Amino acid sequence: MDDMAFLLAVSGLLFTLGLVGVIVRRNLLVMLMFLELMLNGVILSLVVFSHQLGSEAGGVLVFLVFVVAAAEIAIAVPILLLLVRLKRTLDPGAYAGLKG
Amino acid sequence: MIETLFLLVFASGALLGAVAMFFLRHPMRVALALIGTMLSLAAIYAALGMHVIAVFQVLIYVGAVMVFMIYAVMLLDVRDRSFTERFSALGVAGLAGLLLLVGVLLDGLLRSEMPPAAVVEDAFAVGTFAVTFMEGYWVYFALTAVLLLVAEIAASAVIDIRRRGRDRDAADAAEAQKHG
């Protein structure tokens, strides 16, 4: 297995660990961090392919994904703060009654 | 050879951080493990010669996103069921899903072939990247900046809606008390 295939395997593992973490952990903040881990796994595979193909467009796309991730966190954390202020818990089971 | 060794060390660091996130109880420690993973990934990008991406990974992810997350952890030091019981009832299903996904990904990886490596000198050096970026992609950059601005306005709006709702509830309660 060459270096690039190895890094692709690492990116797949990071994505999988992130997905499983979102499913099995019970804390909303930790779940948010596992979502970031999934995104990092995807970005690693994007970087590997961009490097392999020598494509500058891939690098630009990675930069834009970074900015979008920052915007996503800027929205997600205030929503989380408001939810916790409402029910005083980080347990996702407490929000099972949300109906939109 | 030395590059392969670097990749191996930092990839191991990234995976160790990711695995540690499962078993650490306090969200602050989970955040620190995630920061370790992100720094290892930045080192991998640097080892691949993609210095611009490595710098952005440290500046944007570790410097902005994770600092924001750590502020949230400090604000929400809630010691409830989510703190005492780390795993939800979906633990076994999650483990089965983990094994299945790893199997599928490894199978796909072993069957596929990587495209031949393109030799592009300094494609990701800071100067080359900056010129390419500002000549070919500045519109997307401007659109992303607008997106970030919209996100900030939306975050403020979310907080404002909640505050107005609370003020209205307080006014209704005062009104009811006056009449009752």
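Predicted model: local features only at pLDDT ≥ 70, side-chain atom pairs only at ≥ 80, totals over all residues.
**Entry 1. Helix against helix across the chains**

From α2(A) I noted Leu29(A), Met33(A), Glu36(A) and Val47(A). From α3(B) I noted Ile53(B), Val65(B), Met69(B), Ala72(B) and Val73(B). Sorted by class, this contact has 8 nonpolar residues, no polar ones and 1 charged.

**Entry 2. The two α3 helices**

Next I took α3(A), residues 56-87, with α3(B), residues 51-75. How do their axes cross? The angle is roughly 5 degrees, and the axes come within 10 Å. Angles under 35 degrees count as roughly parallel, so α3(A) and α3(B) are roughly parallel to each other.

I went through the residues that meet here. On the α3(A) side they include Phe63(A), Phe66(A), Ile73(A), Val77(A) and Leu80(A). Gly59(A) is also among them. On the α3(B) side they include Phe56(B), Ile60(B), Tyr61(B), Phe68(B) and Leu75(B). By class I get 20 nonpolar residues, 1 polar and no charged ones.

**Entry 3. The whole contact between the chains**

Chain A puts in 60 residues and chain B 74 residues. On the side of chain A that touches chain B, the elements giving two or more residues are α1 (3-24), α2 (28-53) and α3. Which of these gives the most? α3(A) does, with 22 residues. The class count for this side of chain A is 43 nonpolar, 10 polar and 7 charged residues.

**Entry 4. Met33(A)**

I picked one residue from the first contact. Met33(A) lies in helix α2 of chain A. Is Met33(A) buried or exposed? I found 25 other C-beta atoms within 10 Å. A residue needs 20 or more to be buried, so Met33(A) is buried. Leaving out residues up to four places away in sequence, Met33(A) touches Met21(B), Val30(B), Ala31(B), Leu34(B) and Met69(B). I also checked Met33(A) against Leu64(A). They are 31 residues apart in sequence and 20 Å apart in space, C-alpha to C-alpha.

**Entry 5. Arg88(A)**

I turned to the segment after α3 of chain A, where Arg88(A) lies. Phi of Arg88(A) is near 60 degrees. That is a positive value in a residue other than glycine. Arg88(A) has 11 other C-beta atoms within 10 Å. The limit for exposed is 12 or fewer, so Arg88(A) is exposed.

**Entry 6. Domains of chain B**

I looked up the domain assignment of chain B. It gives domain 1 (1-80) and domain 2 (125-180). Taken over C-alpha atoms, the centres of the two domains are separated by 26 Å.

**Entry 7. Confidence**

The complex gets an ipTM of 0.91 and a pTM of 0.84. Chain A averages a pLDDT of 86, and 96% of its residues score at least 70. Helix α2 (residues 27-47) of chain B has the highest mean of its elements, 94. Helix α4 (residues 81-84) of chain B has the lowest, 72.

Key: Residues numbered from 1 in each chain as written. Chains lettered and ligands numbered in written order. Axes fitted to C-alpha atoms, helices over the stretch in contact; angles between N-to-C directions. Helix = DSSP H or I, 4+ residues; strand = E, 2+ residues; numbered from the N terminus. Parallel < 35°, antiparallel > 145°, perpendicular 65-115°, else oblique. Contact = placed C-beta atoms within 7 Å. Nonpolar A, V, L, I, M, F, W, Y, C, P; charged D, E, K, R; others polar. Domains from an automatic or database assignment. pLDDT = per-residue confidence, 0-100.
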